[in-house]
Amino acid sequence: MKHRSILLTGAALMGLASAAFAQDSTDSMTIGLHDWSSQIVDSRVVGDILESIGDKVEYVTTDSQAVYESIRLGDVTLETEVWEATFGAAFEAAKAKGGIVDVGTMDAVTREEWWFPEWDKEVCPGLPDWQALNACAAKFATPETGTKGRYLGGPVDWQMHDGDRIAALDMNFTLVNAGSASALWAEIAAASKDKRPIVVFNWTPNFIDAVYPGEFVEFPAHYDGCEDKPELGVNPKATYDCGFPGNGYLKKAAWDGMEKKWPKAYAVLQKVNFTNAQLAEMAKMVDVDGMEPEDAAKKWLADNEAVWKAWTN
Ligand code: TMO
């Protein structure tokens, strides 16, 4: 064996050494946390996995749109949940500037949209069609919205453009933004007591389906140019005259220096892949069972060892 290694040239030895023994930097990686539960839990899951291979991780709570600029600049190392409907544009814009890479699409298929609980159909049988919803707007009126229906949208930092959509489709609704995701769940829980009609922002994968049956409102289908070509779509004078894309992607993103600085961690991140059921379960542990995200992540890792250990090989 000794003789063999002597036959290797210096250059070949160095090549072998860097391929086999490339080490991750001892600097901490930074993972951005946002304001919905699956993202906070799976970020902790990924962080714990990276610590299990000997890396250092820290967390920073960041704006879910601005994070793509932070990643591009290397201030945040990675993002576990790039949702197509809400964050696809910010991600693509950052990618075009350079500094951020697409680390792959997960199995999870996503949708983010106006949503109603099944009991709404008693007062508005034409649902889930958006024109039927609009014709029923008065049923969703509150003192806050007068004669218009109340639509409870997500927190403003998700930048959903619901106000633009309401205007483009000339809807009899007023947008009210929830202060947090939990305000959305509190609204559904309160309305469920007397089957009060509500329409709120929701998304899948999420825990909600398991607790409150409901459906997404069907708007005019999303099309290329809905956000920037007013002449297209049902309203030739307005952008945002469409619903969010259905069957949206869920991607991972990273600073483009990550692969070089933390090669092992990057190889793990490439393999990280969650399903709809796994993400719904993570959200449920926090939003229904009341667990802290850190504890939910530890439980998920304990319950799914075979899944994540395969990502570290
Ligand atoms: C922004 N979100 C993924 C919760 O829809």
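Modeller: A salt bridge is a side-chain nitrogen of Lys or Arg within 4 Å of a carboxyl oxygen of Asp or Glu. Please keep in mind that the model is predicted.

Colleague: With that cut-off, which residue forms a salt bridge with E187?

Modeller: The partner must bring a nitrogen within 4 Å of a carboxyl oxygen. The closest N and O atoms of the pair are 2.9 Å apart. The two residues lie 37 residues apart in the chain, E187 in helix 8 and its partner in strand 6. The partner of E187 is R150.

Colleague: Are E187 and R150 buried or exposed?

Modeller: A residue counts as buried under 20% relative accessible area and as exposed over 50%. By this rule, both E187 and R150 are buried.

Colleague: Which residues are linked with E187 in a network of salt bridges?

Modeller: The pair of E187 and R150 has already been described. That pair belongs to a network of salt bridges. Besides E187, the network holds E144, R150 and R196.

Colleague: Where do E113 and R165, which also meet in a salt bridge, lie in the chain?

Modeller: Their side chains meet at 2.6 Å, N to O. This pair links distant parts of the chain, 52 residues apart. E113 lies in strand 5, and R165 lies in helix 7.

Colleague: Why does E113 count as buried, and why does R165?

Modeller: The limit for a buried residue is under 20% relative accessible area. R165 counts as buried because its relative accessibility is 3%. E113 counts as buried because its relative accessibility is 1%.

Colleague: In which helix do K309 and E305 both lie?

Modeller: The side chains of K309 and E305 meet in a salt bridge of 3.1 Å, N to O. Both residues are partly exposed, K309 with a relative accessible area of 38% and E305 with 40%. They are four residues apart, about one turn of the helix, and both lie in helix 14.

Colleague: How many salt bridges does the rule find in total, and how many across the interface of domain 1 and domain 2?

Modeller: The protein is divided into domain 1 (25–109 + 248–311) and domain 2 (112–232). By the rule, the count of salt bridges comes to 16. Across the interface of the two domains, the rule finds four residue pairs in polar contact. The number of salt bridges across that interface, however, is zero.

Colleague: How much area do domain 1 and domain 2 bury between them?

Modeller: The size of an interface is often given as the accessible area lost when the parts come together. Here, 60% of the buried area is on carbon and sulfur atoms. D35, W83 and T86 supply 35% of the area that domain 1 buries against domain 2, more than any other three residues. Between them, the two domains bury about 1,300 Å².

Colleague: Which helix supplies the largest share of the side of domain 1 that touches domain 2?

Modeller: Helix 5 and helix 12 each supply at least two residues of that side. By class, the side has nine nonpolar, four polar and four charged residues. The largest share, six residues, comes from helix 12.

Colleague: A283 has its place in helix 12. Leaving aside neighbours within four places in sequence, with which residues is A283 in contact?

Modeller: A283 counts as buried, because its relative accessibility is 3%. Contact here means heavy atoms within 4.5 Å. With sequence neighbours within four places left aside, A283 is in contact with S37, S38, N206, F207 and V288.

Definitions and conventions
Residues are numbered from 1 along each chain as its sequence is written. This is a predicted model: local features need pLDDT of at least 70, side-chain atom pairs count only at pLDDT 80 or more; totals for chains, interfaces and linings use all residues. Side-chain values use heavy atoms; hydrogens and water are left out. Domain bounds come from an automatic or database domain assignment. Buried area is the accessible area (1.4 Å probe) that two parts lose on being put together, summed over both. A polar contact is a pair of N or O atoms within 3.5 Å; within protein, one must be able to donate a hydrogen and the other to accept it, and residues adjacent in sequence count only if both atoms are side-chain atoms. Ala, Val, Leu, Ile, Met, Phe, Trp, Tyr, Cys and Pro count as nonpolar, Asp, Glu, Lys and Arg as charged, and the others, Gly among them, as polar. Buried means under 20% relative accessible area, exposed over 50%, partly exposed in between (1.4 Å probe, protein chains only).
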